[in-house]
Amino acid sequence: MRRYLVAGNWKMNLGPAAGLELAAGVAARLRGRVLRGDALVCPPYVTIPAVAAAADGNPLLLGAQNCGDQDGGAFTGEVSPAMLKEAGVQYVIIAHSERRQYQREDDDLFVRKINLLHACGLKAIFCYGELLGERKAGREREIVNAQLEGVLPRLQYVDPYNTVLAYEPVWAIGTGETASPAQAQEMHAWSRQVVARLLGESPASHMRILYGGSCKASNAHELFSQPDVDGGLIGGASLKVDDFVGIIDGAEAALG
Ligand code: PEP
């Protein structure tokens with residue numbers, strides 16, 4: 001019912017030349033295949049045009065890792081959603097834990113960014129998830145509830161096709177420690193219940209919820225086989241052709 005999404009978050013890695021090489025490598029491996037889901041790469045801003053050229057004509061979608069919260073004007077260093085759209089971007093990652101932590105981004109900002117993205121026809125990948133201390137204290141459900149509640153009901157145009165959720169337990173991001181399939185399923189099912197309460201049963205059943213946190217080719221199949229896990233947001237393992245394509249293969253295999 002829900003198409004999987006495997007999304008690569010390249011973070012602050014790969015300028016135009018290296019990004020083109022990686023994207024071309026992935027595109028070559030996907031060429032001619034009809035995927036039963038979506039594969040997406042989110043390079044740094046300056047690498048987007050090079051990757052757009054490589055992705056053209058291939059089943060590889062293009063995303064960005066961030067956007068500004070204004071239409072345009074005197075906002076030095078910012079990039080608007082409309083500019084990203086013009087560059088070929090379809091998805092934008094919002095609220096990644098690294099931006100929550102290092103840029104101190106908050107719910108008000110996430111709401112402004114997502115409303116703007118939606119208004120110009122782009123899709124948001126909204127990230128959320130608990131810290132290690134919060135999990136150790138048994139507060140993961142409470143934290144996830146608060147993070148979803150702080151943003152979803154305030155979105156003007158939200159629907160299950162313009163919004164993807166990404167549950168990313170912060171203790172699993174870049175640490176090599178992955179949530180077990182059972183832990184991921186439990187939190188995804190909980191997230192879906194929260195979305196049902198906030199937006200309704202039908203949006204909740206159609207909205208994709210990705211897992212993020214040390215996902216790799218060797219664990220993708222099992223994670224993505226969980227009934228409420230609709231793919232992954234991939235950091236480190238999206239930087240190598242074999243690893244990223246292996247995760248896409250895991251998503252295909254999970255469909256049976
Ligand atoms: C991420 O940054 O969203 C992420 C999941 O990273 P990694 O796969 O490296 O843990």
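User: Is leucine 14 buried, exposed or partly exposed?

Analyst: This is a predicted model, in which local features need pLDDT of at least 70, side-chain atom pairs count only at pLDDT 80 or more, and totals for chains, interfaces and linings use all residues. Residues are numbered from 1 along each chain as its sequence is written, and side-chain values use heavy atoms, with hydrogens and water left out. Now the term: buried means under 20% relative accessible area, exposed means over 50%, and partly exposed is in between (1.4 Å probe, protein chains only). Leucine 14 has a relative accessible area of 25%, so it is partly exposed.

User: Where does leucine 14 lie?

Analyst: Helices (H or I, at least four residues) and strands (E, at least two) are DSSP runs, numbered from the N terminus. Leucine 14 lies in the loop between strand 1 (5–9) and helix 1 (16–30). Its phi is near 75°, a positive value in a residue other than glycine.

User: What is the phi of serine 214?

Analyst: Serine 214 is not a glycine either, yet its phi is positive, about 55°. It sits in the loop between strand 7 (209–212) and helix 10 (217–224). At 15% relative accessibility, serine 214 counts as buried.

User: Which residues are closest to the ligand?

Analyst: A residue is near a molecule if one of its heavy atoms lies within 4 Å of it. Here 14 residues surround the ligand, and the closest are Lys11, Glu168, Gly174, Ser214 and Gly235.

User: How does the shell around the ligand divide into nonpolar, polar and charged residues?

Analyst: Ala, Val, Leu, Ile, Met, Phe, Trp, Tyr, Cys and Pro count as nonpolar; Asp, Glu, Lys and Arg as charged; the others, Gly among them, as polar. The shell holds four nonpolar, eight polar and two charged residues.

User: Which polar side-chain atom lies 2.6 Å from an oxygen atom of the ligand?

Analyst: A polar contact is a pair of N or O atoms within 3.5 Å; within protein, one must be able to donate a hydrogen and the other to accept it, and residues adjacent in sequence count only if both atoms are side-chain atoms. The 2.6 Å case belongs to glutamate 168. For lysine 11, a side-chain N or O atom is 2.5 Å from a ligand oxygen. For histidine 96, the distance from a polar side-chain atom to a ligand oxygen is 2.8 Å. On its own the ligand has 290 Å² of accessible area, and the protein covers 95% of that. Such areas come from the Shrake-Rupley method with a 1.4 Å probe; for residues, only the protein chains shown count as cover.

User: How many aromatic pairs does the whole structure have?

Analyst: A pair of aromatic rings is described by the distance of the centres and the angle of the planes. Rings of Phe, Tyr and Trp (its six-membered ring) pair if their centres lie within 6.5 Å; planes under 30 degrees apart count as stacked, over 60 as edge-to-face and the rest as tilted. The search finds three pairs. Phenylalanine 110 and phenylalanine 126 have ring centres 6.1 Å apart and planes at 65°, so they are edge-to-face. Phenylalanine 110 is in helix 5 (residues 107–119) and phenylalanine 126 in strand 5 (residues 123–128). Both are buried.

User: What about the rings of tyrosine 128 and tyrosine 167?

Analyst: Their centres are 5.9 Å apart and their planes at 50°, so this pair is tilted. Tyrosine 128 is in strand 5 and tyrosine 167 in strand 6 (residues 163–167), 39 residues apart. Ring pairs link Phe110, Phe126, Tyr128 and Tyr167 into a cluster.
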